[in-house]
Amino acid sequence: MSTTTPEETAATPEATIAAARERIDAIDDRIIGLIQERTAVSAVVQQTRISSGGRRVSLSREMEVLGHYREALGKPGTSLAMTLLELCRGRI
Ligand SMILES: C=C(O[C@@H]1C=C(C(=O)O)C=C[C@H]1O)C(=O)O
């Protein structure tokens, strides 16, 4: 039978922070993987449009993407989406 109280077995602040940071690092790795996947898919669209005589960039579509992120995440979502667009299609 255990003689330790819940207080005695509770994680220390240091252990809680270390465990949470491990989860954050794993989440960041997934986000980076998703950004790389997004970049590859975006390149397919851009190449297809160029090959069929169009432009690499579609500003109307970019407005939709910016709106999507802003609706989900507020104003900082717009900045995040702008950075994502730059990663996916380069600077314009
Ligand atoms: C991928 C596309 O091409 C470009 C890249 C975009 C993106 O990465 O989301 C959006 C618009 C375009 O400037 C597209 O038109 O969907």
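The model is predicted, so local features need pLDDT of at least 70 and side-chain atom pairs count only at pLDDT 80 or more, while totals for chains, interfaces and linings use all residues. Residues are numbered from 1 along each chain as its sequence is written. Helices here are DSSP runs (H or I, at least four residues), numbered from the N terminus.

**H4 itself**
- H4 covers residues 75-89.

**H3 against H4**
- The axes of H3 (residues 59-73) and H4 come within 7 Å and cross at roughly 140°; axes are lines fitted to C-alpha atoms over the stretch in contact, with angles from 0 to 180 degrees between N-to-C directions.
- That makes the pair oblique, the label left over once under 35 degrees (roughly parallel), over 145 (roughly antiparallel) and 65 to 115 (roughly perpendicular) are taken out.
- H3 passes H4 in a right-handed crossing, meaning the near helix is turned clockwise from the far one by less than a right angle.
- On the H3 side, the contact (C-beta atoms, placed from the backbone, within 7 Å) includes Glu62, Val65 and Tyr69, and on the H4 side Leu80, Met82 and Leu85 are among the residues.
- By class, this contact has 10 nonpolar, 2 polar and 3 charged residues (nonpolar: Ala, Val, Leu, Ile, Met, Phe, Trp, Tyr, Cys and Pro; charged: Asp, Glu, Lys and Arg; polar: the others, Gly among them).

**H2 against H4**
- The H2 and H4 axes come within 8 Å, crossing at roughly 60°, so H2 is oblique to H4.
- Ile35, Arg38, Thr39, Ser42 and Gln46 of H2 meet Leu84, Leu87, Cys88 and Arg89 of H4.

**Around the ligand**
- Ser42, Gln46, Glu62, Val65, Leu85, Cys88 and Arg89 are among the residues around the ligand (C-beta, placed from the backbone, within 6 Å).
- H2 (13-51), H3 and H4 each supply at least two residues of that shell.
- The shell divides into 5 nonpolar, 3 polar and 3 charged residues.

Notes: Contact = placed C-beta atoms within 7 Å.
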